[in-house]
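Student: Hi, I'm new to this one. Could we look through it together?
Tutor: Happy to, let's bring it up.

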Amino acid sequence: MRSAAVATLASASLLVLGAAPGGGPPLPARMADTGGGSQLITAVAAKTGSTSGTVTWWELRGGQWAKAGSAKARFGANGLVEGSSRRQGTNTTPTGLYDLPYAFGIKAAPGGTTYRYRAVRQDSWWCQDNDSRSYNRWVEPRPAHCRAAEAERLISYRTQYAYALVVGFNYAKPVRGRGAGIFLHVNGRGATAGCVSVPADAMRRILAWAEPGKRPHLAIGTVSGRTAVTRY
């Protein structure tokens, strides 16, 4: 457990990074890339060893980035690691800038959701089998070439996958062994296996806010260092 002093310093660092009133330009304005759209979600931890931090969603209005909402976030049980060097099964959250291909959930889409929203069914799986041609893809039903022991049956995670967004990490052109099934989803009991999670109410708010036409992206990183969110 961190001391109160350390926790306070970490919180202060995050506030500075997120641009508290009078503290300079907002975080998206200081980033190397925001994905080219007018919506952005940032997930920021104090350091790579952190398992918690802050998720903030931003919107570009009149040429200026404005905060639309924020919530406490959780990261992988083993912290964060540069996305390009991540290895599957390490319980680390990949840093980087990613698109958000589509949303899904066990529960119905929150009111106002315009994102493509895929309903989880009894035979909905996410394939993480490195030997499968469906690696890092939703499969329904699960094909024989994707072993059950190397896949997630989505409906088994009723709390976490009540609402979720697919994160485009290792998605467009999957690299075997780098990792599969990275999502922005609802909090479980503790740290994640590599995803980013937020409270259920925050996830509902994000889904109602996100608009595909505004090309939202998710930037994951730390306050400073080689994995600083401003690098992405």
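Student: Among contacts between residues at least 6 apart in sequence, what percentage join residues at least 24 apart?
Tutor: That comes to 60% in this protein, where a contact means heavy atoms within 4.5 Å. A word on the source: this is a predicted model, where local features need pLDDT of at least 70 and side-chain atom pairs count only at pLDDT 80 or more, while totals for chains, interfaces and linings use all residues. Residues are numbered from 1 along each chain as its sequence is written, and side-chain values use heavy atoms, leaving out hydrogens and water.

Student: Okay, how many helices and strands are there?
Tutor: There are 2 helices and 14 strands. Both are DSSP runs numbered from the N terminus: helices are H or I with at least four residues, strands E with at least two.

Student: And how much of the protein is buried?
Tutor: Buried residues make up 49% of the 232 residues. Buried means under 20% relative accessible area, exposed means over 50%, and partly exposed is in between, using a 1.4 Å probe and protein chains only.

Student: Which residues touch the most other members in the largest nonpolar core?
Tutor: Those are I41, V55, L165 and L184, in a core of 31 residues. Such a core is a set of buried Ala, Val, Leu, Ile, Met, Phe, Trp, Tyr and Cys residues joined through side-chain atoms within 4.5 Å.

Student: Which element gives the largest share of this core?
Tutor: That is α2, with 5 residues. Apart from this core lies another, of 15 residues, including W138 and Y171.

Student: Switching topic: where is R153?
Tutor: R153 sits in strand β10, residues 151-153. Its relative accessibility is 33%, so R153 counts as partly exposed.

Student: What does R153 touch, leaving out residues up to four places away in sequence?
Tutor: R153 touches Q122, S124 and W125. The R153 side chain also reaches the backbone oxygen of Q122 at 2.9 Å.

Student: What sheet does β10 belong to?
Tutor: An open sheet of 3 strands, in the order β9-β8-β10, with antiparallel pairing. Two strands pair if DSSP finds at least two bridges between them; β8 (residues 125-127) and β10 have 3 bridges.

Student: Why is one side of β10 left without a neighbour in the sheet?
Tutor: Because β10, like β9 (137-139), stands at an edge with a single partner strand.

Student: Last one: what stands opposite E152 in β10?
Tutor: That is W126.

Key: A polar contact is a pair of N or O atoms within 3.5 Å; within protein, one must be able to donate a hydrogen and the other to accept it, and residues adjacent in sequence count only if both atoms are side-chain atoms.
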